[in-house]
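Hi,

Here is the structure we talked about. Please open it first; my notes follow below.

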Amino acid sequence: MSICYCKSVGSKKGEANVASILAGLKWVEMNHRKYKIRIVNLSAGAGENLEPGKEKMLIEAVEHLWDLGLVVVVSSGNNGPGEGTIAIPGNSRKVITVGAVKTEKQRRELFGSRSYERMCSETGRNSTGYQIISCNSQIHGKKDAYTVKSGSSMATPVVSGAVALLMEKYPRITNVEVKLRLRETCIHLPGAGEQGWGMLNIRDFLKL
């Protein structure tokens, strides 16, 4: 089983346009059987000021992969928490859209776009969307090979990883069953405001 991380559709600076995202999703469609891809992680999205038709194209692309049986996990973006600020295609009603929260020590403030009924935010005790150590694509000169970042793009791969563990444990589980499992096991965070299904609890998520 493989996870396809579609953040790789971006440039060296980590930027992506609609055409490159669509091309990456099309590649997954054409190659998911060859490489046994079951999970698609899309830590990229677009704002509401897209050219006419582009929003529909993005949503249709991720939903097509979902309809093929893949688990599609996308980031909500970091423009919230106002209404209507979820990045496209995170506003699809089929895919799993992920936000991020800060630590309890920081009053569990939401970090990311407004979440709604299907969103599952981060996981574990260390608040996965906040201050995550990751590889640094901007290495040159004396810059470190690793960097620290926060946001829904960092939380989304953690949820994808949790899904991979579940699917490895239960190979016959479907994408719909994975989504329902998330809804059943996420934890509500008191005082965190709009949060959809709440915070992912990996321990309960992996128990069936």
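The largest nonpolar core has 42 residues. Such a core is a set of buried Ala, Val, Leu, Ile, Met, Phe, Trp, Tyr and Cys residues joined through side-chain atoms within 4.5 Å. Buried means under 20% relative accessible area, exposed over 50%, partly exposed in between (1.4 Å probe, protein chains only). V178 is among the residues with the most contacts inside the core. The largest share, seven residues, comes from α3.

This is a predicted model: local features need pLDDT of at least 70, side-chain atom pairs count only at pLDDT 80 or more, and totals for chains, interfaces and linings use all residues. Residues are numbered from 1 along each chain as its sequence is written, and side-chain values use heavy atoms, with hydrogens and water left out.

Helices (H or I, at least four residues) and strands (E, at least two) are DSSP runs, numbered from the N terminus.

Next, the salt bridges (a side-chain nitrogen of Lys or Arg within 4 Å of a carboxyl oxygen of Asp or Glu). The count is four.

- D67 pairs with K94, closest N and O atoms 2.6 Å apart. D67 lies in helix α2 and K94 in the loop between β3 and β4, so the pair ties together parts 27 residues apart in sequence. K94 is partly exposed, at 30% relative accessibility.
- K26 meets E29 at 3.3 Å, N to O. K26 is partly exposed at 43%, and E29 is partly exposed at 22%.
- E184 meets R181 at 3.6 Å, N to O. E184 is exposed at 56%, whereas R181 is buried at 14%.

Best wishes
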